Amino acid sequence: MADLGPMPVSMSMGGYTDANRAFLQAFLARSVLTLETAKPVIAAISTVRDGREVQAQDITVDDLNHYISAANRKLSPLDLEIRSTFHQQTRERVYGLVNTTSDPLTQLATTYTADEIIYVKKLLDAMFDGQNNKGRREAMCLSGIEAIQVGRAQNRRETQDGNENATQPSAAGMLGARDAEAMLNKLLDEGWLEKSRLGFYSLSPRALMELKGWLVETYNEEDEDGQRRDKIKFCHACKEIITVGQRCPRRECSCRLHDICTQNFFRMQRSQTCPICKTEWDGQHYVGEKAITTSESYQSGRRRSGHRPRVDPGAEHSGDGND
Ligand SMILES: [Zn+2]
Ligand SMILES: [Zn+2]
């Protein structure tokens, strides 16, 4: 073979170069990348650096990893790091900029107003500690209407934590419908929230990476009887946080599995039963918006409002990213 083709991009890397600088700047501008969205970025940078055209399809995951590890060496003194996680539904690897030390809500203070930050906190409370994450309704998402209503709700946790009789209900974080909607759009744009086709807001992979520790600390607790009340749960197969997927048919069992993790898991286990309580796993008990959309009350509500009834709600893929 005479022509070995162009040198792989990763092999031509030296120290921290203009190319690395350009990559980090491009990453900071986007906050989130996948291999697919990184390819044209790295191809453009390589084209300039090498003085010849580099195609996006020539960029490999190794090239991306080289750029990310170089970027992380620069980010580490700033307590920032590019980490990756899998999207719970598409299984695509998502790279996001994560704050490694400070409280994630405090960190928002640089870009959001105090009222907006309290609104975000109330959104999280409503997602993880409200009616949509209680009992069988393990939805951990909010409809558009619910997300806007949060803007008009009082800051529940704050008034609860203080002396209830002495504390006046707080008006902090009260956003009117228009402001709440603008804030939701901002959170979508910046990759903190995802909106499903049916209009439900949920946390994005980026938000879950950034907030995982904080969510566990805030919403998982023992009650007075020493019983665990874990609102934030983890997939039994991949051990990652789960906000959309399946749950054990036995209500009191804590086993959860991502949809994408089930097939492999049950094949390895050689039986389609719950690994904890051995109940037969029917795949009909949901975590995420399906916990709402498969309910009879939701379906009849949609029929009343003129939507075509869906005969088999299980067949429809839910929550496929931004609209
Ligand atoms: Zn999993
Ligand atoms: Zn079980």
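**View 1. Helix H9 and the second largest pocket.** Helix H9 gives the largest share of the lining of the second largest pocket, 9 residues. Welcome to a predicted model, in which local features need pLDDT of at least 70, side-chain atom pairs count only at pLDDT 80 or more, and totals for chains, interfaces and linings use all residues. Residues are numbered from 1 along each chain as its sequence is written, chains are lettered from A and ligands numbered from 1 in the order in which they are written, and side-chain values use heavy atoms, with hydrogens and water left out. This pocket has a volume of about 610 Å³. Of its 45 lining residues, Ser204, Pro205, Leu208, Met209 and Ile241 are the closest to the centre. Besides helix H9 (205–219), strands S2 (80–86), S3 (93–99), S7 (193–195) and S8 (200–203) each give two or more residues to the lining. Helices (H or I, at least four residues) and strands (E, at least two) are DSSP runs, numbered from the N terminus.

View 2. By class, the lining has 16 nonpolar, 19 polar and 10 charged residues. Here Ala, Val, Leu, Ile, Met, Phe, Trp, Tyr, Cys and Pro count as nonpolar, Asp, Glu, Lys and Arg as charged, and the others, Gly among them, as polar.

**View 3. The largest pocket.** Look here for a space of about 730 Å³. Its lining has 26 residues, and Arg228, Arg229, Asp230, Lys231 and Lys233 lie nearest the centre. Two or more lining residues come from each of strands S4 (133–134), S9 (220–222), S10 (228–230) and S11 (233–234). Strand S10 gives the largest share, 3 residues. Charged residues number 17 in this lining, beside 5 polar and 4 nonpolar.

**View 4. The largest cavity.** The largest cavity holds about 150 Å³. Among its 14 lining residues, Leu108, Val120, Leu187, Trp192 and Leu211 are the closest to its centre. The lining divides into 12 nonpolar, 1 polar and 1 charged residue. On a 1 Å grid over the protein atoms alone, a cavity is a set of points where a 1.4 Å probe fits but cannot get out, and a pocket is an open set with protein on both sides within 12 Å along at least five of seven lines; lining residues have an atom within 4 Å of a point. Grid points are joined across faces, edges and corners, and a volume is the space filled by probe spheres set on the points.
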